[in-house]
Structure formats: structure tokens, C-alpha cells
Amino acid sequence: IEPCQAVKCHMTLVVALDSSGSVGRENFIKELDFLRTLLEIIQIKSLTNDVKVCVGLVSYSTSVWVIDNPCCENTLCRIFDQTASVPYNGGSTNTAGALKVARQMLQATSSYKRILLLITDGRSNTGGSPI
């Protein structure tokens, strides 16, 4: 993950979505619905308070996929739209890998506040301990 000092955000949020087999397709859809609702709320609050929020999105199961990097000139609306195309992957649960990638994404930003939201069923079974 390359450093991105050019994009100035008050807050960077990276969301890691568990798309493993233990979550299941139906619950993964619920994860995406929750994320869309959260992004709508953040969009309203950020506009009301004149706060720039950069959002990154990671999906993981056995592997980790960066859906969108918070260093891009993305908007909350763009991330919202991309949630429609995030695939359910099944497989193992590599929470440690997802946390590593999310941490790299957050460290590459120059935001004052950096937040990671991990959405999982809590059963990590590959990639080592997430702690």
C-alpha cells in the first residue's frame, strides 16, 4: 500500500467484510446492507459537519481483496455503489490477513482519525492469530 499524503481527509474508515464460508451468503448480504446504511449515515453527518471522510473497503475469506483504497479520490457514494458488486467468496476465514491489509491502508493515510470496522462472525481459522 503506497502512502497517500495528497488526499486530505479528516477521518479514514477502512471496512473489512468477512465473506467466508462460515458467514454464508445470506449473512454476507446482511453485512452489505448494514454497510450501505452506515455509509448513508456517515455521508449525511459528514456533509452536515463539513468533514471529509475517506473510505477503504476490504473483503476477505481465505484470501484478502482490496475493493477500494482510501487513498483514492473516492466518495462515500462511490463506495456505496461498489457494495453492489462485492462478491461472496466462501472459503476459510483469514481475519489476520484482513487486519494486516487494513492496517497498511490506514497507515498510508494522513488522516487525523483512522478507524477500522471489522465485520465478521468471529471464527478465524486460517492465516494465524488475528490478535
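**A walk through the fold**

Guide: In this predicted model, arginine 36 and aspartate 33 both sit in helix α1, 3 residues apart, which is about one turn of the helix.

Visitor: What do arginine 36 and aspartate 33 form?
Guide: They form a salt bridge, in which the closest N and O atoms are 2.7 Å apart. As background, side chains of opposite charge can pair when their charged atoms come close.

Visitor: And how many salt bridges does a search of the whole structure find?
Guide: The search finds 1 salt bridge.

Visitor: OK, new topic. How many aromatic pairs are there?
Guide: The count comes to 1 aromatic pair. The ring centres of phenylalanine 28 and tyrosine 88 are 5.8 Å apart and their planes stand at 50 degrees, so this pair is tilted.

Visitor: Where do phenylalanine 28 and tyrosine 88 lie?
Guide: Phenylalanine 28 belongs to helix α1, whereas tyrosine 88 is in the loop between α2 (76-82) and α3 (95-107), so the pair ties together parts that are 60 residues apart in sequence. Phenylalanine 28 is also buried, with a relative accessible area of 2%.

Visitor: Let's do strands. How many residues of β1 are buried?
Guide: The strand is mostly covered, with 8 of its 8 residues buried. In a regular strand the side chains alternate between the two faces of the sheet. Here both faces of β1 are covered, with Met11, Leu13, Val15 and Leu17 buried on one side and Thr12, Val14, Ala16 and Asp18 buried on the other.

Visitor: How many bridges join β1 to β2?
Guide: There are 8 bridges between β1 and β2, and these strands run parallel; within this pairing, alanine 16 stands opposite valine 58 in β2. The chain passes from β1 through α1 to β2, and this β-α-β crossover is right-handed.

Visitor: Which residue in β4 stands opposite leucine 17?
Guide: That is isoleucine 119, and the strands β1 and β4 (residues 113-119) run parallel, joined by 7 bridges.

Visitor: Which residues of the largest nonpolar core touch the most other members?
Guide: Among the 17 residues of that core, Val15 and Leu17 touch the most other members. At least two residues each are supplied by β1 (11-18), α1, β2 (53-60) and α2, and the largest share, 5 residues, comes from α1. Apart from this core lies another one, of 9 residues, with Val14, Ala16, Val58 and Ala102 among them.

Visitor: Back to leucine 17 then. What does leucine 17 touch?
Guide: Leaving out residues up to four places away in sequence, its contacts include Phe28, Leu32, Leu57, Val86 and Ile119.

Conventions
Residues numbered from 1 in each chain as written. Predicted model: local features only at pLDDT ≥ 70, side-chain atom pairs only at ≥ 80, totals over all residues. Heavy atoms only, no water. Phe/Tyr/Trp six-rings, centres within 6.5 Å; stacked < 30°, edge-to-face > 60°. Helix = DSSP H or I, 4+ residues; strand = E, 2+ residues; numbered from the N terminus. Buried < 20%, exposed > 50% of the residue type's maximum accessible area, 1.4 Å probe, protein only. Core = buried A, V, L, I, M, F, W, Y, C linked by side-chain atoms within 4.5 Å. Contact = heavy atoms within 4.5 Å. Salt bridge = Lys/Arg side-chain N within 4 Å of Asp/Glu carboxyl O. Pairing = 2+ DSSP bridges. Right-handed = clockwise from strand over helix to strand, strands pointing away.
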